[in-house]
Amino acid sequence: MLQVDHWINDFMEKRMISFLLNSEEVRLSECQSDITVLDFLREQKHLTGTKEGCASGDCGACTVVLAEPDRASEKLVYTAINSCITYMSALHGKQLITVEHLADSGTLHPVQQSMLEANGTQCGFCTPGFIMSMFALYHQNTTVDHQQITQALSGNLCRCTGYRPIIDATANACANRQEDKFDLAQPVTLTLLDDLATDQAGVPGIYIPKSRAELADLKETFPNARLIAGSTDIALETTQALQELPEIISLSNVKELSTLEVKNNVIEIGSAITLTELENVICEHIPCLSELLWRFASRPIRNQATLAGNVANASPIGDFPPVLLALNAQIVLDDGINTRAVPASKFFTGYRQTDMQEHEWIARIDVPIPNKNNKVRAYKISKREEDDISAVCAIFNLSLANDQVCEVNTGFGGVAATPVSAVKLATGIKGKPWSDIQTMKAGQKILSSSFNPIDDVRASADYRNKILCNLWYRFWLETSQQTIPVKTRVHAHA
Amino acid sequence: MRKMVTGKNNDTESNVIGQSLAHESAIRQLNGKARYVDDIPNLANLKHAAVGLSQVSSGKILKIDLSRVKQSPGVRDVITVSDVPGHIDIAPVFDGDPVLADKDVLYHGQPIFAVLADSAEQARKAALKADIEVKQYSPCLTVEDAKYLKSFVRPKHQMKMGDPSSVLTHSGHTIKGELNIGGQEHFYLEGQVSVAVPEEEDRLMIYTSSQHPSEVQKLVAEVLGTQLNKITVDMRRMGGGFGGKETQAAQWACIAALFASRNRCAVKLRLPRMQDMQATGKRHPFVNHYQLAYDMEGKIKAADIEVNGICGHSADLSDAIVDRAMFHADNAYFIEHCSIEGHRCRTNMVSHTAFRGFGGPQGMIVAEAMMDAIARQTGLDPLTVRKNNLYNTDNRNTTPYGMKVQDNVLSEIIEQLEKSADYWQRRESIRIFNQDNPIIKKGLSLTPVKFGISFTAKHLNQAGALVHIYTDGTLQVNHGGTEMGQGLHTKIGQIAAHEFGLDIDAIEVTSTRTDKVPNTSPTAASSGTDINGKAVQNACLEIKGRLANFFAELCDGSPDDVTFNNKIVSLGQDSIPFVELVQKAYFERISLSSTGFYKTPKIHYDRETGKGRPFFYFANGASVSEVTIDTLTGEYKVDRVDILHDVGKSLNPAIDIGQIEGGFIQGMGWLTTEEVSWDSNGKLTSNNPATYKIPSIGDTPLEFNVDLYERENDEATIYNSKAVGEPPLMLANSVWCAIKDAIASLGDYKLDPQLDTPATPEKVLNAVIALQNRVAEE
């Protein structure tokens, strides 16, 4: 143990969490491991423009923006995050921008001015959060359409306006984009951030390894430390359940976990890759998943959350485990010495339990790109279209040979204690003609007795069972080449 | 007595009234500098309070052991109800709301004790460590339970006109219906929060997020056993209220005040979101029944309506809320023979409270349900049925409570709207669409709103104001209303600016304070601008009178001819800049400050007879909604909404449109995705924003056309404007009716689907299946 203590003393020497708070350089050599960025801003920095509405990442009143250098373009990338469920480890080497910093010596930022002109504020409590989400979108340098606006603002709730003026304000600001003070300051900011990033990251209690080897050593030294990436789920343990996280290890800077590659028709997704980073690759290679991705939580959550986090917490209502089941993905586990690949179908072992061992972590997730001829659909049913948890999530992946069913791989959320597949479905309709409605009906019959879902606040068991069968019917309508195509969706982007 | 100047300059074109000025705090809100209670800086020696909530919904408290709470790190003080030196009951109207649980537990989530610690985190963690034993009783949770147990918070009330029972008995065409109507969580973005700061001896300063500072002042004084004049309440702005901070902000101020008084330190109590949702009341769920008789023109001949409000454990404002449901069960329709009976059911739930519309929505939806039911029976288009039943102007214009409907503009509003929204053309396209699409169906509906304006508690229809002019010609304006985002202070500023012919930036509307304007009414019932605007105008008129007399003396003219325009005061050929006149007046020792007062005229209601004129006037509007539903999943999308709404002569069109759009979306949430749910033990299960879904940005209809029906209010309201806070919420009834219309298409519009609210996708799917089964049976 002496040796270990010695190692950690060396490792932690001269470490700090260094970032730009607006234009102020902040270097923290001590920091409570589980203080959120929101509490840091409001209680320690007295920057009270950022509000707490829910402390659970659901309302967006706490939205702030992180700017960080994009290695490829040498430019700053701006992302909106929920500061109420973000720990300080996320700030190292970045610029944390709050609403107080947007105006330029008394002149409102274009997104603020636009909001003023559109009468987009009423009670004003959600306003700073909206402004920050709008600011992040403003800096994406793209022409924005209605869908991009609703995507960018999907994590911000407003109870007063009904959103119409906010949508207009965002469209106007982005359509008339001009250089702002952040663009002008970019070279200076980049230099400052480069300088801050040379500080070794971490403080006692917050460990930020850069490599697989460091991660392995830290995990061995601090076996009780919790691994975090986006912290969007774990943070609820401190902000909602009032528990403490005295030691955390952030995976976000581990270079081996930050890779995203497509190899041999497999998307290999490092466990530190955020859902936003994943978006383009998914939309390009498995476009039928894009709607599910867009409806996965909200933009600020996706900017932080990782696919691996969604898999590791093994919630029966997570939206990606069913995808992994239906696409026969593999979860690659690592303990610093050995790696092993576990098929998704073997990974989820019980309610919030997985095959992952105490000393392991998820290195990456390998998602095979389905054959182009496969019929693949991903459906999510929830009370609200955006930022809601599924009542039922269903993914169907069907391969046919001349209309004969060869294989049906499925994944479902919300119907059992774990993410599940309908194994009997595959055997039950194999070899049958897909264009025959009797095949569909046979499938419905199997599905209707496959699971025993529960009643809860989101839906009744009865509804979940009905939906399961009806989504199967929808899948059949959409893929069995009806002579007259049948409209099956109410949502515009389907 | 000085002679008052009549509002002559009101006739000239105003540069402030009727202008779409931005919200007075907009810039501060946009750059994060608008200060809410939780943002007040530099409070010395500030401690933080938290509350411990009951984990059962009904029972007798046997033991409260708080020793582990006291030992928890950072804890300074712990209190239960026995530590309250004054009154325990903080109920607003009738008894029954102990500040902390008193012997009995009345609902799940009831505060039993409170703890004070150095940090909010310490206080909240400590509050989890109590050991409380409760002998549990079986809770009363439904209308059925309450009626069986004769458990009511107030006696029932009835309004009656004609002879409904005889018409119903003898009519060949009758329909019976029942409607379960869900509650609604306010979900103001800023949760409940109060700060109490001790001042000299036993004086206290309270900062609170409350729609009713005067009531907070009174209740804080009462729990402390002190006089009202020792307590001052300051309320600058709320981050949303919607009724949820009318009565139910007081408890947190009282608890903070109890700690501040005992410990002589500043105390903040801010509820975490989940506790806020558990421990504060919601919109009342209702279970309503109707039986109606109609003729083949679709005219309703008689109706027997029963509304049952689920009030929770105490009366709170439920008497008036159920009354308002009854006052609106006719909505815009004349019912010659009508009985409306309202029950106030006591249940073991948090005490349900005011929420934008105040029972009106839960009553009005019955009227719309009846119209749809008649349409399906007669085969008439629902719009035709609605038009056939509207109140007339000369006859058929008496409400079931005996008030004549004057100023009746609804038929004109509907006529304009059905044209601008292209109702009949779209009705036809939708018919064709539905024929061509077996799975996806469309629905269309136009519904009107007629909403009565005034507090039905007559004494609340009064307001006060205090206006100061300073020697640089700027004004501070103070009044009894509170700013919660609705733009009240903006409109008040416009009124003061207009009266003196000044620009808006000469006016500063300051925080609502009980030491400036006393004994105020809550900012509620949409009345904020109506009553406070008039009070401010009266204060301005008083000072104007003094200035006009003074100037008339200087110019040797008549004060009646003095005008205030464009920062210039004029009399014939003579004129003087406003600021110079103010300075001269100061040196002549003329008072530049005045109070103002207003009480709403004409209103009265006799509960014995169920007759009167409870409302000064009605605000009207109508909306058309088009929806698409998925008959396989019950999902839906609101595709297009058109609204024409009557705000009288608008004081500020931008703010009025904001109220209409926001009210509509909030009403849509109530009727669609917002599902308040309790488990069978009375525990709230929709207790956070992950399980309770208010509309998000994608729910705003892609096409959303809102227009103002600008016609001066016939009644002498402030510049003949109309109240706008609550009425637009009920415009969302057209969304619910459009969903039903889409479902009805499955039975060729001959059957009326049963669709309780909120119409979640699950409820819509069940209604689809039920209707398909009925079609199959026939």
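**View 1. Strand E16 of chain A and its two antiparallel partners.** Strand E11 (residues 266-270) of chain A runs antiparallel to E16(A), joined to that strand by 5 bridges. Strands here are DSSP runs of type E with at least two residues, numbered from the N terminus, and two strands pair if DSSP finds at least two bridges between them. Gly270(A) has Arg364(A) of E16(A) as its bridge partner. Strand E12 (residues 330-334) of chain A also pairs with E16(A) in the antiparallel sense, over 5 bridges, and Gln330(A) stands opposite Asp366(A). Of the 8 residues of E16(A) (361-368), 7 are buried, that is, 20 or more other C-beta atoms, placed from the backbone, lie within 10 Å of their own.

The model is predicted: local features need pLDDT of at least 70 and side-chain atom pairs pLDDT 80 or more, while totals for chains, interfaces and linings use all residues. Residues are numbered from 1 along each chain as its sequence is written, and chains are lettered from A and ligands numbered from 1 in the order in which they are written.

**View 2. Helices H14 and H15 of chain B.** The axes (lines fitted to C-alpha atoms over the stretch in contact) of H14(B) (residues 488-500) and H15(B) (residues 528-555) come within 9 Å and cross at roughly 25°. H14(B) is therefore roughly parallel to H15(B), a term for angles under 35 degrees. Among the residues that meet are Leu488(B) and Ile492(B) of H14(B), and Val536(B) and Leu541(B) of H15(B).

**View 3. The contact between chains A and B.** Chain B gives 70 residues and chain A 69 residues, where contact requires C-beta atoms, placed from the backbone, within 7 Å. On the side of chain B that touches chain A, H17(B) gives the most, with 7 residues.

Methods: Two residues are in contact if their C-beta atoms, placed from the backbone, lie within 7 Å. Helices (H or I, at least four residues) and strands (E, at least two) are DSSP runs, numbered from the N terminus. A residue is buried if 20 or more other C-beta atoms lie within 10 Å of its own, exposed if 12 or fewer, and partly exposed in between; C-beta atoms are placed from the backbone. Axes are lines fitted to C-alpha atoms, for helices over the stretch in contact, and angles run from 0 to 180 degrees between N-to-C directions. Angles under 35 degrees count as roughly parallel, over 145 as roughly antiparallel, 65 to 115 as roughly perpendicular and the rest as oblique.
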